[in-house]
Amino acid sequence: LSVLCQSTAPGLIAWMLSVTIVAYNSWLKHTWLGPLALGLCRAGNVLLGMSPVIIQLGPEKFLVLDTPLAPCLGVGCYVAGVAWFAREEQTTSHRGPLLWGMLLVLAGLVVSATAPWWEFAAGRLLWSGWVWLAVWLGLGFAVLPKFFHAWKNPVAERVQRAVGWALLLIIPMDAVWCWGYAGWALPVLALWVPAWLLSRRLPLT
């Protein structure tokens, strides 16, 4: 893609994403940096998918604030928070790590919900910022209460249930980003059905 578009952005993003994935799977996964590294992998994945937009901005703007950081930062924080919440999911979890996980998830949702007020994201959103905010508030209410209930009684079953639900919600979240910035969402949202069916037979956590 870099060769075809004569832009360094996709190649640099893909290279950095590959390094992050290898580092995560090799040794970061089982350290306290694991959740943050996983969030960085997910953020890099989103950034790679948005590289055609970055090409339009110009390769010189690849590493500056003109890059569409809101989707990457929002998704990255959310995934890092879910991973942090799941660190002790096989046993009764300590409330401290669960709280940090919830705060990261909340940060990801806040960044996503306020994207229309970010300088770059505001200029490309296809519908009202207040509608966007309402949709993300709904997604927040869909996931945060489950995390809070698991934090109050952090037994393995409750934590795993909250984590599994949070992972499934990544699909409608991605669909919302596509809907808001590309004008389509159904192909992405349709992936939720097989994901939900598979989750009935295969554990997500």
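Guide: In this predicted model, the second largest pocket holds about 360 Å³ of space. Its lining is made up of 17 residues, and those nearest the centre of the pocket are Gly39, Leu40, Ala43, Gly44 and Leu47. Three helices each give at least two residues to this lining: helix 2 (9–26), helix 3 (34–49) and helix 5 (69–85). By class, the lining of the second largest pocket has 13 nonpolar residues, four polar ones and no charged ones.

Searching the whole structure turns up one cavity of 30 Å³ or more. The volume of the largest cavity is about 70 Å³. It is lined by 13 residues, with Gly74, Val75, Tyr78, Met173 and Trp177 nearest its centre. Helix 5 contributes at least two residues to the lining of the largest cavity, as do helix 6 and helix 10 (170–182). Helix 5 also supplies at least two residues to the lining of the second largest pocket.

Helix 6 leads on to a helix pair. Helix 6 covers residues 95–113 and packs against helix 8, residues 129–152, at an angle of about 175°, the two axes lying 10 Å apart. Angles over 145 degrees count as roughly antiparallel, and helix 6 and helix 8 are therefore roughly antiparallel to each other. The contact between helix 6 and helix 8 has 16 nonpolar, two polar and two charged residues. On the helix 6 side, the residues in contact include Arg95, Leu98, Met102, Leu106 and Leu109. On the helix 8 side they include Trp132, Trp136, Gly140, Leu144, Phe148 and Lys152.

Two residues of this contact, Leu98 in helix 6 and Ala150 in helix 8, are also touched by Val159. Val159 belongs to helix 9 (residues 156–168). Leaving aside residues up to four places away in sequence, Val159 touches Phe85, Glu89, Ser93 and Pro154 as well as Leu98 and Ala150. Between Val159 and Thr92 there are 67 residues in sequence, yet their C-alpha atoms are 8.4 Å apart in space. The relative accessible area of Val159 is 0%, so Val159 is buried; the cut-off for buried is under 20%.

Key
Residues numbered from 1 in each chain as written. Predicted model: local features only at pLDDT ≥ 70, side-chain atom pairs only at ≥ 80, totals over all residues. Heavy atoms only, no water. 1 Å grid on protein atoms, 1.4 Å probe; cavity = no way out; pocket = protein on both sides within 12 Å on 5 of 7 lines; lining within 4 Å. Points joined across faces, edges and corners; volume = space filled by probe spheres on them. Helix = DSSP H or I, 4+ residues; strand = E, 2+ residues; numbered from the N terminus. Nonpolar A, V, L, I, M, F, W, Y, C, P; charged D, E, K, R; others polar. Axes fitted to C-alpha atoms, helices over the stretch in contact; angles between N-to-C directions. Parallel < 35°, antiparallel > 145°, perpendicular 65-115°, else oblique. Contact = heavy atoms within 4.5 Å. Buried < 20%, exposed > 50% of the residue type's maximum accessible area, 1.4 Å probe, protein only.
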